[in-house]
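Biologist: I'd like to learn how to read a few features off a model. Can you walk me through them one at a time?

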Amino acid sequence: MKKALIQMHLAVLLWGFTGILGRLITLSAPVLVWYRMGLTALFIGIILSYRKLWQKVSAVDMRKIIGIGLLFAVHWVAFYASIKLANASIALVCLSTASVFTAVLDPLLNRKKINPLEVGLSLIAILGVYFIYAMYPAEESNPAAVHTMENFPLGLGLGILASVISAIFTVFNKPLTSKYEPRLLVFYEMLTGFIFLTLLAPLYLYQYPGEKVLPMDWDIVWIFCLVYFCTVVGQSLAMSALKHLSTFTVTFSVNLEPVYGIILAFIFFKEHEQLSGGFYVGMGLIALSVLLQVTLLIRNSRKQKMLAAQPR
């Protein structure tokens with residue numbers, strides 16, 4: 001358990017840089033994700049071959065893995081589009097709502113009883129997102145914020161979409177990690193997403209004929225860092241940890257990613273100058289919902305230990 005928690009924390013620390021790198025890379029979100037998934041699949045495939053970790057995957061599980069890979073692709077495109085349309089801080093704070101969505105989606109997808117308290121906490125997080133949207137400054141009150149965000153409402157919406165999809169594939173990935181080598185799952189999921197985006201590429205390029213598709217200058221360095229450190233290393237650590245941690249614990253740990261990312265965005269891009277008071281009110285409500293969920297988790301865990309310790 002301790003090793004799994006350390007692995008998860010290191011993974012989240014690496015993921016904290018994804019928002020920063022996403023803003024540094026000048027490619028559009030779909031093109032960026034195409035490179036990220038394709039190169040990740042290549043790196044992971046080399047590791048699997050070198051260490052002889054290939055396993056046979058059943059047809060039923062392969063269909064699930066393919067579905068998760070498609071969700072991964074949509075999740076990343078939505079996340080990076082959110083960064084480009086709004087900013088890294090907005091995208092990351094939206095991503096921190098994943099745990100509250102997991103609390104609701106996990107029982108629905110696994111046919112368990114829904115906890116009304118967790119639903120209530122999810123509503124608090126949604127209220128936090130509403131405050132971020134409703135208290136967005138008008139141009140006359142903060143022209144710098146408006147001019148530096150291409151499309152704040154759409155960026156916010158895509159950030160929430162990325163969060164919901166993250167909660168879904170976390171739930172679906174959990175049972176698979178106990179059956180297969182984590183890096184094998186990452187390989188097939190990244191390969192699926194890469195193929196999916198490749199098939200959509202002609203349509204995308206037809207719609208945006210002037211789109212830049214080749215990385216230039218520092219883009220190459222940033223893409224390598226994003227692929228190898230944030231994805232190959234980070235995802236492998238997270239998938240290994242997922243074997244020994246509950247879905248909620250993993251999702252809660254992931255909530256540290258926005259903390260790291262927002263701090264880095266404030267330092268490198270001075271994004272605090274673009275944000276209104278509504279951002280901090282909303283972030284506070286989201287943080288409150290997550291902390292209350294942890295309290296609920298700890299209380300339930302203690303109850304289970306007490307019941308297990310009782311003589312029978």
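**Salt bridges and burial**

Modeller: Let's start with a pair: Lys212 and Asp219 meet through their side chains in a salt bridge, 3.8 Å from N to O. This is a predicted model, where local features need pLDDT of at least 70 and side-chain atom pairs count only at pLDDT 80 or more, while totals for chains, interfaces and linings use all residues. Residues are numbered from 1 along each chain as its sequence is written, and side-chain values use heavy atoms, with hydrogens and water left out.

Biologist: What counts as a salt bridge, and how many does the search of the whole structure find?

Modeller: The rule is a side-chain nitrogen of Lys or Arg within 4 Å of a carboxyl oxygen of Asp or Glu. Searching the whole structure gives 3. In another of them, Lys179 pairs with Asp61, the closest N and O atoms being 2.6 Å apart. Lys179 sits in the loop between H9 and H10 and Asp61 in helix H4 (residues 59-85), so the pair ties together parts that are 118 residues apart in sequence. Helices here are DSSP runs (H or I, at least four residues), numbered from the N terminus.

Biologist: Is Asp61 buried or exposed?

Modeller: Buried means under 20% relative accessible area, exposed over 50%, and partly exposed in between (1.4 Å probe, protein chains only). Asp61 has 3%, so it is buried, whereas Lys179, with 47%, is partly exposed. Back in the opening pair, Asp219 is buried at 3% and Lys212 is partly exposed at 34%.

Biologist: Which residue does Glu181 form a salt bridge with?

Modeller: Arg183, with the closest N and O atoms 2.9 Å apart. Both Glu181 and Arg183 are buried. Glu181 lies in the loop between helix H9 (152-177) and helix H10 (182-207). Contact means heavy atoms within 4.5 Å, and Glu181 touches Leu48, Leu53 and Gln55, not counting residues up to four places away in sequence.

Biologist: How many of the residues of H6 are buried?

Modeller: 9 of its 12, so H6 is mostly covered. Among them are Phe101, Leu105 and Asp106.

Terms used. Helix = DSSP H or I, 4+ residues; strand = E, 2+ residues; numbered from the N terminus.
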